[in-house]
Amino acid sequence: MAKIAVGSEAQSPQQSHEEGLQQASSLARGEGWCADEVVCTAGPHDRAFEEQHSRTSLAVVVSGTFQYRTSTGQELMSPGSLLLGNRGDVFSCGHEHSVGDRCISFHYAEELCDDLAGAGRRKTFGVARIPPLRELAPVTARLATMLRSRVDESAMQEIALQLMERATRLQGRLSRRHRAPDASSLARITRVLRRIEAEPEAPCSLRDLAAEARLSPFHFLRCFESVAGATPHQYLLRLRLRRAAIRLKEEKTRILDIALDCGFGDVSNFNRSFRAEFGKTPRVYRQIA
């Protein structure tokens, strides 16, 4: 099922499918860009249809998992990752091993893409996905926070431009996948990702997660990193930090309590990890409007 709303109109390719499985709504738009929310309830028994990107597109996965297939590769999309789409490329999104997801998709006019890319930068994407890397964390956390209140068009424009700039820059660090993950690996890692998303604050060791995937710790570590684009520790840590960042902006709860609620054993570790991820201490991050 499609995750990308296309064109300058408030329209998305999923509207050509069973509309009961997906809902798309326009969030904001400006000169050369627009943003849409796409919520999908498709599952393993629903067919993945082929679509085509009519504009250069990005999508931030807010929740859920799905398989994305396009000319630049096949990837498992998960919360915090960034889907990349080139104008004119055929693609499909499927839920062979899970049900539902929520994405925020951004679409760009070619003139704006050229301006953002700058001289000497790749004008098209060479990979299908950017995993939840540290450089994406401040932008995806800000987007997730905004979605829980009123969407500000000026702030959304900043996010749209920041995402494109980071996508253009970060893709150069990534290698295109020449062989898609096998169905067994996708099913195992999808199951683990869904468990982590459901209870990110719960204690879980590498051995626990490996048991969930029914693999040895060694093979699980290799499989997880290959499919998800990050190690289990990195993925879990960044999910916890994103949720903490949202709570810092929304609540007046003590930083210590937020740290403990989000799965950190002590506030010192939380402060150190948060500053490494967002470039600011939790206290300073909370104070910035």
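1. Let's start with Glu277: at 5% relative accessibility, glutamate 277 counts as buried (buried means under 20% relative accessible area, exposed over 50%, partly exposed in between, with a 1.4 Å probe and protein chains only). A word on the source: this is a predicted model, where local features need pLDDT of at least 70 and side-chain atom pairs count only at pLDDT 80 or more, while totals for chains, interfaces and linings use all residues. Residues are numbered from 1 along each chain as its sequence is written, and side-chain values use heavy atoms, with hydrogens and water left out.

2. Which residues does Glu277 pair with in the network of salt bridges? Arg134, Arg238 and Glu277 are the linked members. A salt bridge here is a side-chain nitrogen of Lys or Arg within 4 Å of a carboxyl oxygen of Asp or Glu. As background, side chains of opposite charge can pair when their charged atoms come close.

3. Arginine 134 itself is partly exposed, at 38% relative accessibility.

4. The closest N and O atoms of arginine 238 and glutamate 277 are 3.1 Å apart. Arginine 238 belongs to helix α7 (residues 232-250) and glutamate 277 to helix α9, so the pair ties together parts that are 39 residues apart in sequence. Arginine 238 is buried, with a relative accessible area of 13%.

5. A search of the whole structure turns up 15 salt bridges. One of them joins the side chains of glutamate 165 and arginine 166, at 3.8 Å from N to O. Glutamate 165 is partly exposed at 26% relative accessibility, while arginine 166 is buried at 19%.

6. On the overall fold, I see ten helices and ten strands in the protein chain; these are DSSP runs numbered from the N terminus, helices being H or I of at least four residues and strands E of at least two. The radius of gyration is 18 Å, close to the 19 Å that the globule rule gives for 289 residues, so the chain is as compact as a globular protein of that length. That radius is taken over C-alpha atoms, and the rule is 2.2 Å times the number of residues to the power 0.38. Along the principal axes, the C-alpha atoms fill a box of roughly 50 × 45 × 40 Å.

7. Buried residues make up 52% of the 289 in the chain. Of the contacts (heavy atoms within 4.5 Å) with a separation of 6 or more, 71% come from residues 24 or more positions apart.

8. Threonine 70 is a handy spot to look at. It lies in strand β5 (residues 66-70) and is buried at 14% relative accessibility. Leaving aside neighbours within four places in sequence, threonine 70 is in contact with Asp89, Val90, Phe91 and Ala128. The C-alpha atoms of threonine 70 and leucine 112, 42 residues apart along the chain, are separated by 23 Å.

9. One backbone point to check by eye: arginine 214 has a positive phi of about 60° although it is not a glycine. Arginine 214 is in the loop between α5 (206-213) and α6 (217-228), and it is exposed, with a relative accessible area of 70%.
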